[in-house]
Each structure stands twice: as structure tokens, then as C-alpha cells.
Amino acid sequence: MKRTFYLAAAALAIALVAPAAANSQQRDLDLRFHVPFQFSIGNKTFAAGDYQITYQSSFMLKVNNREDHTSAFERVGPARVPPLR
């Protein structure tokens, strides 16, 4: 249950921050955080540990393990919200 909660919280944080950073062309994005569980990006699995997310280019973020320096790139896009009726 805790693992699901933490995964959902991490996904929500990335989903909220990534599109805003990509749309505003913010080049100084530098998020650092501790993930207390194993997770996957694409087909690559990462261990629990300290991570950093940096802005690479339009709609592209880099997730980097600060301990063993493994990394992955993740494409992001703006959130699509249905129009209000």
C-alpha cells in the first residue's frame, strides 16, 4: 500500500512539473529527491535512492541516479484537460 502511494505521489509530482517546465522553455529545472522504492522508466528499472530530474530539451527530461549515475530520458507533454461544459 505504501509503495503504491509513493509511486502515485512521484508520478503526480512529475506530471505536474514536467509539462509546465517544457511549455515555458525553462532550462534550469533541477529537482532532487529520494525515492524509497524500486521503479521503472520505459524498460529500465531503478533501485531506491537519490535522484535528480533535469530539463534536457523541449518535452525531454533526464532522470539520474545520484549514487551510481545511471540515467534515463523521459518524453513529456502538456496535460490535456477536457473543456468545461
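Is Gly-42 buried or exposed, and what can be said about the part of the chain around it?

A: Gly-42 counts as exposed, at 72% relative accessibility. Here buried means under 20% relative accessible area, exposed means over 50%, and partly exposed lies in between, with a 1.4 Å probe and protein chains only. This is a predicted model, in which local features need pLDDT of at least 70, side-chain atom pairs count only at pLDDT 80 or more, and totals for chains, interfaces and linings use all residues. Residues are numbered from 1 along each chain as its sequence is written, and side-chain values use heavy atoms, with hydrogens and water left out.

Gly-42 sits in the loop between E2 and strand E3 (44–46). Strands (E, at least two residues) and helices (H or I, at least four) are DSSP runs, numbered from the N terminus. The chain has 1 helix and 6 strands, in the sequence pattern α-β-β-β-β-β-β. The C-alpha atom of Gly-42 is 8.9 Å from that of Phe-73, and these two residues are 31 apart along the chain.

Next come the aromatic rings. The structure holds 3 aromatic pairs. Rings of Phe, Tyr and Trp (its six-membered ring) pair if their centres lie within 6.5 Å; planes under 30 degrees apart count as stacked, over 60 as edge-to-face and the rest as tilted. One of the pairs joins Phe-39 and Tyr-51 edge-to-face, at 5.0 Å centre to centre and 70° between the planes. This pair links distant parts of the chain, 12 residues apart: Phe-39 belongs to strand E2 (residues 39–41) and Tyr-51 to strand E4 (residues 49–57). Phe-39 is buried, with a relative accessible area of 13%, and Tyr-51 is also buried, at 0%. Tyr-51 forms an edge-to-face pair with Phe-46 as well, with 5.8 Å between centres and 85° between planes. Phe-46 has a relative accessible area of 2%, so it counts as buried. Phe-39, Phe-46 and Tyr-51 form one aromatic cluster.

For the chain as a whole, buried residues make up 27% of the 85 residues. There is also 1 salt bridge, a term for a side-chain nitrogen of Lys or Arg within 4 Å of a carboxyl oxygen of Asp or Glu. The salt bridge is between the side chains of Arg-32 and Asp-30, at 3.4 Å from N to O. Asp-30 has a relative accessible area of 38%, so it is partly exposed.
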